[in-house]
Amino acid sequence: MMQAVQQLFTEKYRPKNLSDLILPNRVMNKFKDGLVTNMLFAGSPGTGKTSTAKAVVNEFNMPYLYINASTDTSVDVIRTRITDFCSTVSIMDGPSSMKVVILDEVDGVSDQFFKALRATMETFASNSRFIATCNYINKLPDPILSRFEVIDFDFDKAEEAELTKKYIRRVFEICNNEGMEIEKPALLEFVRRNFPDLRTTLNKLQGFKSQGTNQIKVEDVKRFNSVYKDVFELIFNETNPINNYKTLVSNYSNRVDDVLQSLGEDFIEYIQQEKPQSVKHIPEIVVEVARHQAQRVHVIDPVITMLSLVYKAQEIIRKN
């Protein structure tokens, strides 16, 4: 049985300053003079877009407002929270202090949100800058793209070779800090399998820790592993709906989005490796995950979405 996760490695080891980031020089050079323009960080999941946005404002001590645009999709977010933040002057801010609005996962907002954002960026151009992140840049309209300097977080071959070395060093350091040992061949294989998604890398590393695997060998790396493996095992093994409810609410109510994402990615890999007899159910599970992820922003309590998806997945798995 996996231990309950108290603090995710992705947050515990999130870079606080620019020097802690693992990024190519072409990206790092953008910040040597501070934040001069509005910037859009675009690229694959887990490559450091959100961490970079937060590190920039910390590095230059800039007052900022963080908006998770994948959940806060209402135009009212712009009309109230963002406008209030940009228009308010604090005595703690210097006369030349630039405010920053971080819009995380902005590719999930509506057209109305984008239209309001354009006007807001123009209104507060003298005292505010915007940092946006997205995985799918094709979802952003041209009038929005034209207002940002786009920074590509997808790496070329030369960058991959250099960053892989840094990923290896970071994983090794975290293992040492957590009292874990990882053999060199296992370390190389582990990073290779998950590169460039550092978030997934850390989640899987925490999966080893949660299962009590403190000496990681190559054969461990080749087996399925995830920090959310206990959720997947619950789907297959737990038949009491009350136990489902208690486990999920007590352990994962503050990580709903991560669980929903893992059910759309890691859970499929788990089925393929650990439950091959249920591979036939993968298409139906994928459809349900997509439906629940789309509904996520429309429910009052997102925990209900997580519970609903788990119950539905159990229903699908138990079909003949």
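Q: What volume does the largest cavity have?
A: Rolling a probe the size of a water molecule over the atoms shows where empty space is left. In this predicted model, the largest cavity has a volume of about 120 Å³; a cavity is a set of points, on a 1 Å grid over the protein atoms alone, where a 1.4 Å probe fits but cannot get out, and a volume is the space filled by probe spheres set on the points. Local features here need pLDDT of at least 70, side-chain atom pairs count only at pLDDT 80 or more, and totals for chains, interfaces and linings use all residues. Residues are numbered from 1 along each chain as its sequence is written, and side-chain values use heavy atoms, with hydrogens and water left out.

Q: Which helices each supply at least two residues of its lining?
A: Helices α9 (198-210) and α13 (256-264) do so, where a helix is a DSSP run of H or I with at least four residues. Lining residues have an atom within 4 Å of a point, and among them are Arg 199, Tyr 228 and Asp 258.

Q: How are two packed helices described?
A: They are described by the angle between their axes and the distance between the axes. Here the axes of α4 (residues 75-87) and α5 (residues 111-123) come within 8 Å and cross at roughly 30°, the axes being lines fitted to C-alpha atoms over the stretch in contact, with angles running from 0 to 180 degrees between N-to-C directions. That makes α4 roughly parallel to α5, a term for angles under 35 degrees. The contact (heavy atoms within 4.5 Å) involves residues including Ile 78 of α4 and Phe 113 of α5.

Conventions. 1 Å grid on protein atoms, 1.4 Å probe; cavity = no way out; pocket = protein on both sides within 12 Å on 5 of 7 lines; lining within 4 Å. Parallel < 35°, antiparallel > 145°, perpendicular 65-115°, else oblique.
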